[in-house]
Amino acid sequence: MELVSAPVRFVIDITYRCNMHCTHCHAKAGEVAPRLLENELTTTEVTDLLKELDEMKVFDITITGGEPILRSDLIEIIRYSRNLNFSTLTLITNGSLVSEETAKSLLHAGLNQIRVSLDGLESVNDEIRGPGNFEKATKGIENLLKFFPSLKILTVLTRKNYKNFPELTEYLAELGVKRQDVIPVRKLGRASSMLGLCSQEINWIYAETLKLNQKLKNSFCLVLNCPMMRIGTEIAEIKDVCGYIEDDRGSGATVITNGDIFLNRLWGKEKLGNLRENKFRDIWERSFQERTKKKHTITDKEKSGELTNIYYNIP
Ligand SMILES: C[S@@+](CC[C@H](N)C(=O)[O-])C[C@H]1O[C@@H](n2cnc3c(N)ncnc32)[C@H](O)[C@@H]1O
Ligand code: SF4
């Protein structure tokens, strides 16, 4: 196999601070080790990285966290990226802190994709995301829709909220949203001890997405974002598994708040290096052996849904 010259997709966990404390948060925002909360990458460290990623011809940048809107330099970082050549620059936010002014600034700074998380209608969402947060997020979504009509909602489904998602989808369609991904919870971080969705539940969700897409015709695009599953089969291998199994040879990479680099934020194994010690290009090229030595196969541990929090390595 030839050296992959750059990851296609690069995810930046820009902060682990957050104004919410969601029950399923894989980033464990709000209870993250101090070494990941303090000494976040500075504005210059982030923009230097973006410049390097651009030179390496990375296509797709996603900024997430924690809650990225809490970074006071977020607009500056996005504005910096506007002069680079990424095909997409995406922000994932809980939406609750997005005023109309912020939405406008994000657009003018050069952001081209936005995802907002909402996990159910009011009481269902607030049980997961905290009291009052449905209303705040909905206001943020309305503000964002004025500037980002292609905004997408991300809805994480657990055994507690999955039955509620069709009502949420219909509500979103009325609000003027046009896209939503429903995503089975991954058993990481605060969701480590949750029961995952079983294959019957996932097949039910899939059947509902078909019905809803048909009902909402071309005005809405609802996607079951579950790359592991093979639709319609008895999916024994995904029973209770909520993993995201991707090829580990270099389609993506992630930096976290302290500069540590991983291949994949969800089952990332060892870190490849740290930006404060080496340039990303050197880390990438030196990790060739690590990235190519074997294709990832689903382990028994992953099959059983017992994915541990390897990525964050939080004590
Ligand atoms: C970690 S959050 C960070 C951005 C922002 N704070 C938010 O909530 O959108 C990014 C996305 O990951 C989702 N997420 C969090 N924990 C998850 C889990 N255990 N499994 C799947 N998705 C999860 C969130 O719901 C959100 O859509
Ligand atoms: S999912 Fe997002 S909003 Fe919720 S606690 Fe995690 S980082 Fe914060």
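**Figure 1. Overview of the predicted model and its confidence.** Of the 315 residues in the protein, 40% are buried. This predicted model contains 11 helices and 10 strands. Among contacts between residues at least 6 apart in sequence, 75% join residues at least 24 apart. The average pLDDT of the protein is 84, and 80% of the residues score at least 70. In residues 230-249, by contrast, pLDDT stays under 50, and the model gives this stretch 51 contacts beyond four places in sequence. Residues 301-315 also have a pLDDT below 50, with 37 contacts in the model beyond near neighbours in sequence.

**Figure 2. The largest nonpolar core and the contacts of Ile12.** The largest nonpolar core holds 68 residues, and the members that touch the most others are Ile12, Val116, Leu144 and Leu157. When neighbours within four places in sequence are left aside, Ile12 is in contact with Val46, Ile61, Thr62, Ile63 and Val255.

**Figure 3. The surroundings of ligand 1.** Ligand 1 is surrounded by 20 residues, of which the closest are His26, Ser117, Leu154, Arg186 and Ala191. At least two residues of this shell come from each of strand E2 (60-65), strand E3 (88-93) and strand E5 (152-157). By class, the shell around ligand 1 comprises 10 nonpolar, 8 polar and 2 charged residues.

**Figure 4. The surroundings of ligand 2.** The residues around ligand 2 include Cys18, Cys22 and Cys25. Met20, His21, Ala27 and Ala29 also surround ligand 2, as do Gly65, Gly66, Glu67 and Asn94. The shell around ligand 2 divides into 6 nonpolar residues, 4 polar residues and 1 charged residue.

**Figure 5. Leu111, a buried loop residue.** Leu111 is found in the loop between helix H4 (100-109) and strand E4 (113-117). Leu111 counts as buried because 23 other C-beta atoms lie within 10 Å, and the cut-off for a buried residue is 20 or more. Apart from its neighbours within four places in sequence, Leu111 is in contact with Ile78, Leu89, Leu91 and Leu106. Ile75 is 36 residues from Leu111 along the chain, and the C-alpha atoms of the two are separated by 9.0 Å.

Figure 6. With 13 other C-beta atoms within 10 Å, Glu55 is partly exposed. Glu55 and Asn85 are 30 residues apart in sequence, and their C-alpha atoms are 8.9 Å apart in space. Asn39 counts as exposed because it has 12 C-beta neighbours inside 10 Å, and a residue is exposed at 12 or fewer. Although Asn39 is a residue other than glycine, its phi is positive, near 55°. Lys57 is not a glycine, yet it has a positive phi of about 70°.

**Figure 7. Helix H8 and the residue Lys217.** Helix H8 (residues 199-215) has 17 residues. At 1.5 Å a residue, H8 should span 24 Å, and the 24 Å between its end C-alpha atoms agrees with this. The expected span is 1.5 Å times one less than the number of residues. After H8 comes Lys217, with a positive phi near 50°.

Notes: Residues numbered from 1 in each chain as written. Chains lettered and ligands numbered in written order. Predicted model: local features only at pLDDT ≥ 70, side-chain atom pairs only at ≥ 80, totals over all residues. Near = placed C-beta within 6 Å. Nonpolar A, V, L, I, M, F, W, Y, C, P; charged D, E, K, R; others polar. Core = buried A, V, L, I, M, F, W, Y, C linked by C-beta atoms within 7 Å. Contact = placed C-beta atoms within 7 Å. Helix = DSSP H or I, 4+ residues; strand = E, 2+ residues; numbered from the N terminus. pLDDT = per-residue confidence, 0-100.
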